[in-house]
Amino acid sequence: MTVHQAIASPGCGCDSQDMLQSLISIDEALARIAAHTAPVGRTEAVSLDRAFGRILAQPVRSRSMTPAFDNAAMDGYAIATSALTGAGPWVLPVVARVPAGQAVTIPVAGAVAARIFTGASIPCGADAVVMQEDVLRDGDVIHLSRRPEPGLNIRRAGSDMTKGATVLDKGRKLGPREIAACAAAGAGILRVRRRLRVALLVTGDEVRSAGGAREAAQIWDVNTPMLTASLASVGVEIIASAHGVDSLAGLVDQLGDMAAQADLVITTGGISVGEEDHVKPTVTALGGEVLFSGVAIKPGKPVSVGRIGKAYWLGLPGNPVSAFVTWQVFGMALIRTLTGEGTGGPTRRHVVTASAIRRKPGRCELRPATLAGFDAHGREIVSFEDATDSARVGLLSLADGLMFLSADAESLPAGALVEFQPFCQS
């Protein structure tokens, strides 16, 4: 997976030179995900009506020409243009009626017409369909005042798809448009990737279920419902969801059990360097491999990716905004790689800032931003808060994506050009 950053900077730093040396850039983290992960191997056959949201494991090829026969593009009259002699107007007897779905038995021979309906097969001898609004019908004849061009209002056989043509490549995620293409190609059964099995573990003794009873020092759980919804939107199978035990021994049991069943284990919290951060030591205790731990971004610096046995591991920060931001950037990249999706995620594009920005430089900042129309030059404008707060979840619902502020940017004027990545919707 390649991510292009058109606005160059010396690199994403951190708050100190010592920390800078231990952190990697966004692009390096994404490159490691791409280099060290692979799609799940198993595939399965599903019917077209059950294929929505799945990832193709094999190309889809057309089983026949589409359309399979020359047919009318609209309601009207099929005629042979070569039979229209002289300057016109012409009076043509209507010798047949051709509805859609019925075989044509009467040819259009000479200066005659056949009443025809949209999608109906073109009668032998006809080479144009005159729309019904352009003729005057009088009993069993029509009056035609303008000579049509050959081929008018005819959909030619094979003009959409030729037999054996590749309609969709493997790795394509099947949405409504792709489902339509498969149906048109006659592909009633599709070979797709098995759904990714995902386990979710949210840590924190202070966390309680949303809306439930809580004491003064406790908080409602945002990460579980937020990530459950995010996972549901990408079509994976959530095989387990649990609240983590805040102890090394307890987490070893939980993570070990999850990793034995899942393709991907996602944790939130416990990945910093505090005494109560047990997740990374647990991964180590389980013999896990860490691909990276710590990216030079704000928010979400501790984000980590690795493996525990055969399962991949994504460690997200505990603060909800940090978890959401890092899920959007790194979690979705990991999901696309593991599912074999070849269509890629949302690409960054340039936008301009609605107001000036002053910030502390040092790390690349991913600030939630809202699309706010266009400027006089047709460029998209984004509005945003004065700072990124990893605990202000309420503002996420107002944002459309992430604005990228380079590590060395201390101040930017209104109208500055920055990069913007829209939130993944599915």
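Helix α4 (residues 223-233) lies across β13 (197-202), β16, β17 (264-268) and β21, and runs at about 165° to β13. Helix α5 (residues 248-261) also packs on this sheet, where it touches β13, β16, β17, β20 and β21, and its direction makes about 165° with that of β13. Contact here means heavy atoms within 4.5 Å. Angles run from 0 to 180 degrees between N-to-C directions, with axes fitted to C-alpha atoms, for helices over the stretch in contact. Helices (H or I, at least four residues) and strands (E, at least two) are DSSP runs, numbered from the N terminus.

A word on the source: this is a predicted model, in which local features need pLDDT of at least 70 and side-chain atom pairs count only at pLDDT 80 or more, while totals for chains, interfaces and linings use all residues. Residues are numbered from 1 along each chain as its sequence is written, and side-chain values use heavy atoms, with hydrogens and water left out.

## The sheet under the helices

The sheet itself is open, with 6 strands in the order β16-β13-β17-β21-β20-β18 and mixed pairing. Its edge strands are β16 (237-243) and β18 (289-293), each of which pairs on one side only. From one strand to the next, the twist averages 15°. Two strands pair if DSSP finds at least two bridges between them.

Within this sheet, β20 (residues 304-308) and β21 (residues 311-316) run antiparallel and are joined by 5 bridges. Follow R307 and you find Y312 of β21 standing opposite. The charged end of R307 also sits over the ring of Y312, 4.2 Å from its centre. For a charge to sit over a ring, NZ of Lys or CZ of Arg must be within 6 Å of the ring centre and within 35 degrees of the ring normal.

D221 lies in the loop between β15 (219-220) and α4. With a relative accessible area of 14%, D221 is buried; the term means under 20%, with exposed over 50% and partly exposed in between (1.4 Å probe, protein chains only). The side chain of D221 reaches the backbone nitrogen of N223 at 3.1 Å, and a polar contact of 2.5 Å joins it to the side chain of T224. Such a contact is a pair of N or O atoms within 3.5 Å; within protein, one must be able to donate a hydrogen and the other to accept it, and residues adjacent in sequence count only if both atoms are side-chain atoms. Not counting residues up to four places away in sequence, D221 touches V202, V207, R208, S209 and A210.

Q254 is found in helix α5 and is buried too, with a relative accessible area of 19%. A polar atom of the Q254 side chain lies 3.2 Å from the backbone oxygen of H243. The Q254 side chain also reaches the backbone nitrogen of V245, at 2.9 Å. Leaving aside neighbours within four places in sequence, Q254 is in contact with L201, A242, H243, G244 and V245.

## The β7–β8 sheet

Another open sheet has 6 strands in the order β7-β4-β6-β5-β9-β8, again with mixed pairing. At its edges stand β7 (128-131) and β8 (136-138), each with a single partner strand, so one side of each is left without a neighbour in the sheet. Neighbouring strands are turned by 40° against each other on average, direction ignored.

Take β6 (residues 113-116) as your guide: 4 bridges join it to β5 (residues 90-98), and these two run parallel. Strand β4 (residues 76-79) is joined to β6 by 4 bridges and runs antiparallel to it, with I116 as the bridge partner of G76. In a regular strand the side chains alternate between the two faces of the sheet. Both faces of β6 are covered: A113 and R115 on one side, and A114 and I116 on the other, are all buried. R115 lies over the face of Y77, at 5.1 Å from the ring centre.

## An aromatic pair

Rings of Phe, Tyr and Trp (its six-membered ring) pair if their centres lie within 6.5 Å, with planes under 30 degrees apart counted as stacked, over 60 as edge-to-face and the rest as tilted. The count comes to 2 aromatic pairs. One of them, F324 with F423, is edge-to-face, at 5.1 Å centre to centre and 75° between the planes. This pair links distant parts of the chain, 99 residues apart: F324 is in helix α7 (residues 320-339) and F423 in the segment after β28 (417-422). Both F324 and F423 are buried.
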